[in-house]
Amino acid sequence: MDDRSDDHDIEVEGGIHAYERKISGILDDGSVGFQQPLLARNRKNTTSQIAIVGANTCPIESLDYEYVFVFPNFTFLLFWKTETINEIRLLGRVAFCRVIGNFLEICRYFQAFFAFAGCNLILATAAGSLCAFIAPAAAGSGIPEVKAYLNGIDAYSILAPSTLFVKIFGSIFGVAAGFVVGKEGPMVHTGACIANLLGQGGSRKYKLTWKWLRFFKNDRDRRDLITCGAAAGVAAAFRAPVGGVLFALEEAASWWRSALLWRTFFTTAVVAVVLRTLIELCRSGKCGLFGKGGLIMFDVNSGPVLYSTPDLLAVVFLGVVGGVLGGLYNYLVDIVLRTYALINERGPGFKVMLVMAVSILSSCCAFGLPWISQCTPCPIGSEGKCPSVGRSGIYKSFQCPPNHYNDLSSLLLNTNDDAIRSLFTSRSENEFQISTLAMFFVFVYCLGIITYGIAIPSGLFIPVILAGASYGRLVGRLLGPVSQLDVGLFSLLGAASFLGGTMRMTVSLCVILLELTNNLLMLPLVMLVLLISKTVADCFNKGVYDQIVTMKGLPYMEDHAEPYMRNLVAKDVVAGPLLSFSRVEKVGVIWQALKMTSHNGFPVIDEPPFTEASELCGIALRSHLLVLLQGKRFSKQKTTFGSQILRSCKARDFAKAGLGKGLKIDDLVISDEEMEMYVDLHPITNTSPYTVLETLSLAKAAILFRQLGLRHLCVVPKTPGRPPIVGILTRHDFMPEHVLGLYPHIDPLK
């Protein structure tokens, strides 16, 4: 594993040995110091969606955004994944319906259950095994990882090719297994993984390389590519191109500029065009179940939308309920993830066993609850469609006689898309009984919490939409006599309120819902309910993705400084003295420093006789030092010879390597004679690093660090006659755990 960190180097007792890296919170043995994801002393930070799934421990590295764009056409792969999930899920449901229907017709109920649960268990075990044994980072939705990466956090394997592989096939198996999960979150992660694969020029390990992409191998361009990939994932999953752009702007990206806006818009526009083309091609029947439906997934356009004052009060009520339920949902998810940590940290086998247990529980609930529901006569005019036998459809007969359907099984044993479509529909107000809607809400709400956290790729959008739509339709049924809105529109508003309460997004969710449902007339009500639900939920806790980022222990930098930082200055949180290099340094000194530390930034000092007085030359990165040592561009004399190094080096030699491809100190072979030689560091030194005075407010330093997307921020002395650099600030120095650990008396909670 590539153990990496980006904190500055501390000289202890004049030597370079056993540095205790208190600044970053990560000790030399790889354990986590102050920042422990699940607040357990023996638990280590991992790179899975949930720090509880238990991947290998890895220190966190920051990205370099100090600077150019290539547009990857990965739309077809995203479409293939979306439609493959739909096809396998539909084929699985069709097979389930046929087998179960045959057993139910001859009253073999136990055989029907074992066939249903057995198929689910096999698919669930396949999904869990892929995540547990191949790519633990593929578990969960992946949106928190993408959000953290775009904030400047480079954690091991979160965008690796193996993660991409497991994300695609794990999502297919997980959704087809009947879990209460969605494919939309994993689609965002998939798009980001594809963009990262293109951004690093392919994968040498898997024999997939593209030399023409080597010119774009830097963190800034890769960040833009991954932003476009995340937007493309949303556009492909929801068929909402504008919503994809807004999602990347509002939730995913930490830095935004006008050039990135049109690039993401271009990406999602291509997604929409390719989707439309492939859907039209598949309508000929050559693609099986591919291409069913159009760009509008849940068409609820039912004519004019009229509402009165009682309807507005009902919308406000839905917003408040959605905020309360969303805050409770996030709180319970947090508890479940911490509980699962005790199981998942035991090893991959226990992760798979947990997946199997949740699969059996889901199958028992999905098969057992419909027995409580009563049979309902088929609606008038639905002859030939009710009940659905041996195919995917809206009405499921289950144990009911001919011309009757079981409304609860029509929701539980259907595809998620068909269930949402049924809840959003305005065909019949009494299509689903009040008791059915209540039971389905409890089922989706509870199973969504229990399922999110097991070792499978799982998204939250679909479970949240299902739960919100069910209680929204329930409210619509109860307020039917006094409301002018039909129950389908109440379902849409309920879904919006629950989405706002859990994810705390507004603009992007509003546009995504409108693109999903093709009902622009609902815009004012959707805006109102999203704002209310977000405001109410913010009174309790943070959004679910922010909670996951915090739980993983990722050093995510918010766009604002904490109030207590105004009482501190930059020098209060830096440590020293620093381990620095001279402009012309002995090879042995550099090799020893790289060998005994794992830091990434080293100050370079110009000293006499090259300058009149010591002054800061800049910062040299670890990766660049390794390249310089590997090239063995040394001199026996302590003189400047940077021009010779520049002539013998190529720019691509210093391009950022892909995952696991970078040089390591153990790869270097340096003789004893070479150890006594010198090397000029000036050609690889960033001679214009960002610097701040030691008396600068820590709050201002944090805002500067975040807005500029820095990796290192040099702190220089205010008065002359002192060493030219006081210390180096990294993102770990701004983390509340570090600052409050140094100054506990300023903790606002004490």
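This is a predicted model: local features need pLDDT of at least 70, side-chain atom pairs count only at pLDDT 80 or more; totals for chains, interfaces and linings use all residues.

Student: Is R239 buried or exposed?

Tutor: R239 lies in the loop between α6 (219-238) and α7 (241-252). Its phi is near 55°, a positive value in a residue other than glycine. Buried means under 20% relative accessible area. Because its relative accessibility is 8%, R239 counts as buried.

Student: Is N403 buried or exposed?

Tutor: N403 is placed in the loop between β5 (375-377) and β6 (404-406). Although it is not a glycine, its phi is positive, about 65°. A residue counts as exposed over 50%. The relative accessible area of N403 is 55%, so N403 is exposed.

Student: Which kind of pair do the rings of F441 and Y471 form?

Tutor: The structure holds 15 aromatic pairs. In the pair of F441 and Y471, the ring centres are 5.6 Å apart. Planes over 60 degrees apart count as edge-to-face. The planes here stand at 85°, so the pair is edge-to-face.

Student: In which helices do F441 and Y471 lie?

Tutor: Both residues are buried. They are 30 residues apart, and their pair links distant parts of the chain. F441 belongs to helix α13 (residues 434-451) and Y471 to helix α14 (residues 461-478).

Conventions. Residues are numbered from 1 along each chain as its sequence is written. Side-chain values use heavy atoms; hydrogens and water are left out. Helices (H or I, at least four residues) and strands (E, at least two) are DSSP runs, numbered from the N terminus. Buried means under 20% relative accessible area, exposed over 50%, partly exposed in between (1.4 Å probe, protein chains only). Rings of Phe, Tyr and Trp (its six-membered ring) pair if their centres lie within 6.5 Å; planes under 30 degrees apart count as stacked, over 60 as edge-to-face and the rest as tilted.
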